[in-house]
Amino acid sequence: MIIIKEESLGNGLRLQFTDESNRYFGDYHRVCVVATITCDLQTLPKNTPEEDEFRQQAIEALGEQWSVVKRFERMGVSSADVEDVRTTLIEDFLKHTSQYLSRPGYMRSLVSAELKKRSSGRFYD
């Protein structure tokens, strides 16, 4: 994997974009950009007992760092267009999500959703 771009947001999230593109037939490429959103859970606030408890629970369940991975793909890209398509995929992702991802409470919301997802495992007989 080749890291092609990195961003650090003001709320502590880190974005890392890697390239997993490949040529699959003749001059046709699958352009695949992987965005990894990394949360350093040690930076979660602990100003109140509730925040401290949430932070400890998150670290116990997810570890000190936790990541979410998103993939963006385009098929049938010619060799001449691979770099432009790769750049466009990254720019579009940042354009449409950076304001949302950089909100001050977003890391807590993201971690909270993951904790709820993990604790809602249902078992059927």
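Arg-71 is partly exposed, with a relative accessible area of 49% (partly exposed lies between buried, under 20%, and exposed, over 50%, with a 1.4 Å probe and protein chains only). Arg-71 forms a salt bridge with Glu-20, with 2.8 Å between the closest N and O atoms (a side-chain nitrogen of Lys or Arg within 4 Å of a carboxyl oxygen of Asp or Glu). The model is predicted: local features need pLDDT of at least 70, side-chain atom pairs count only at pLDDT 80 or more, and totals for chains, interfaces and linings use all residues. Residues are numbered from 1 along each chain as its sequence is written, and side-chain values use heavy atoms, with hydrogens and water left out.

**Salt bridges**

- The count comes to seven salt bridges.
- Glu-20 lies in the loop between E2 and E3 and Arg-71 in strand E5, so their pair ties together parts that are 51 residues apart in sequence; helices (H or I, at least four residues) and strands (E, at least two) are DSSP runs numbered from the N terminus.
- Glu-20 is partly exposed, at 24% relative accessible area.
- In helix H3, Arg-118 and Glu-114 are four residues apart, about one turn of the helix, and their salt bridge has its closest N and O atoms 2.7 Å apart.
- Glu-114 is buried at 12% relative accessibility, whereas Arg-118 is partly exposed at 48%.

**Nonpolar core**

- The largest nonpolar core has 31 residues, and those with the most contacts inside it are Phe-17, Leu-41, Trp-66, Phe-93 and Val-111 (a core is a set of buried Ala, Val, Leu, Ile, Met, Phe, Trp, Tyr and Cys residues joined through side-chain atoms within 4.5 Å).
- Helix H2 (82-101) is among the elements that each supply at least two residues of this core, and H2 gives the most, with seven residues.
- Leaving aside neighbours within four places in sequence, Phe-93 is in contact with Phe-17, Ala-35, Ile-37, Phe-72, Ser-98 and Leu-101 (contact means heavy atoms within 4.5 Å).

**Loop residue Asn-11**

- Asn-11 lies in the loop between strand E1 (2-8) and E2 and is buried, at 15% relative accessibility.
- The C-alpha atoms of Asn-11 and Leu-101 are separated by 8.5 Å, although the two are 90 residues apart along the chain.

**Cysteines**

- The structure holds zero disulfides (a pair of cysteine sulfur atoms within 2.5 Å).
- Cys-32 is buried at 0% relative accessibility, and Cys-39 is buried at 0%.
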